Amino acid sequence: MNKRAPYKVLLIGGTGTLSYAVLQMALGKGHNVTIFNRGKAHADLPKRVKAFKGDFYNVTSLEQVANENFDIVVDFLSRKPSDIDRVYPIFRNSCRQYIFISTACVYRRGEKDFPIKESSAKPNKDWSYNTEKFECEMRLQALAKNSSSCFTIIRPYITYNERRIPFGVTPNYEYHRTIIERLKSGKPWFVWSKTGMKNYPISTATFTTDFAAGVVGLFMNEKARNEDFHITSEYRYTQKEILSLLCKKLEVPMNVIEFTTEELSSLLPLHKNMLIGDRALDAVFDNSKIRNAVPELEFNTSLDEGLDKIIAYWGKLNTYQYDYKFEALLDKAIETKGVKLSFVAYPNSTMKDRITYLCYKYLPCLLYTSPSPRDGLLSR
């Protein structure tokens, strides 16, 4: 761990929300970056980045990349213990530091658990994503005992960038223009809390550049040897506070419908486990450990600044994609509160969008495809 920068870095992933932020941060620090993924988003990569196209689930593809030998490998894609069993043995002797991107959802979150530290109780058993990621951590630690490299476990929580609004339940992540146009049209959004709870869940929201600064700060860091860290902003918000500020910036009245977690879980069943096992729980973290390891780390981006970046991004983007499947099912859920809602044609929407909305709202046989946590706010 004493070799000086620049380092030779492999990102398993590299074009997702978190991994691309780490890529940019690593390049900015002068490191030599290689990525490995399916190759679907390689066109816009910086020229300095070396890209391998391959199958994460194919051992031969992984072995070809491992032959390059790296100082640091950052694994954004492993979700299940079987992924660690397949991937880590290939790289453990061809890198000096293996960084696994887990999730802060692994922490149990009872009233006595706050603020959460790395030593806090685990796992949170109320969602399979939580337990699978925790099992990955345990498997990595077991396999690393006879390795020539060290490992580092990093746990993000809710993260966002200029394309993603940090709500806990959202349309698919490339379609967040849907939220902005929905609010501008006057349609209601929603918040939730557990039955009998007076307060809404409170959680952090971390801009991806701040998260990336923490990750890169742990590259070949002696304090990161065989250690775990969460990297989460110290800015804390409820969903209602995020909604209020977004509406203020869009200069529209806040129109909000309140649900209990139980109500929303039954109305949006594909989000049930995520709601009960994570989004309905508080998430407040103690960042002492990462600050000690990376003293220069600052969480610079407040929600106020982050929302400005989001509105500016979608305002300049001249492509218009909407998640009318989510729109339809959300409208159907809100109508249980006595609010009548119908299709709204957002700018440049199409007849196909209208048909999609009507089908998903009125045909009970159609179910919305839930976003994968690996592709969402929690990891990649």
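User: How many helices and strands does the secondary structure of the chain come to?

Analyst: This is a predicted model. Its chain has 13 helices and 13 strands.

User: What makes the chain as compact as a globular protein of that length?

Analyst: Two values are set side by side. The radius of gyration is 21 Å, and the globule rule gives 21 Å for 380 residues. The C-alpha trace spans about 60 × 50 × 40 Å along its principal axes.

User: Why does N287 count as buried?

Analyst: Buried means under 20% relative accessible area. N287 has 2% relative accessibility, so it counts as buried. Across the chain, buried residues make up 55% of the 380 residues.

User: Where is the place of N287, and which residues does N287 touch?

Analyst: N287 sits in the loop between α9 (272-279) and α10 (288-293). Leaving out residues up to four places away in sequence, N287 touches H230, T232, S233, E234 and F299. Take H230: it is 57 residues from N287 in sequence, yet the C-alpha atoms are 7.2 Å apart.

User: What makes the pair of N287 and T232 a polar contact?

Analyst: The cut-off is 3.5 Å between N or O atoms. A polar atom of the N287 side chain lies 2.5 Å from the backbone oxygen of T232. That is within the cut-off.

User: What share of contacts join residues at least 24 apart?

Analyst: The share is 77%, among contacts between residues at least 6 apart in sequence.

Conventions: Residues are numbered from 1 along each chain as its sequence is written. This is a predicted model: local features need pLDDT of at least 70, side-chain atom pairs count only at pLDDT 80 or more; totals for chains, interfaces and linings use all residues. Side-chain values use heavy atoms; hydrogens and water are left out. Helices (H or I, at least four residues) and strands (E, at least two) are DSSP runs, numbered from the N terminus. Buried means under 20% relative accessible area, exposed over 50%, partly exposed in between (1.4 Å probe, protein chains only). Contact means heavy atoms within 4.5 Å. A polar contact is a pair of N or O atoms within 3.5 Å; within protein, one must be able to donate a hydrogen and the other to accept it, and residues adjacent in sequence count only if both atoms are side-chain atoms. The radius of gyration is taken over C-alpha atoms; the globule rule is 2.2 Å times the number of residues to the power 0.38.
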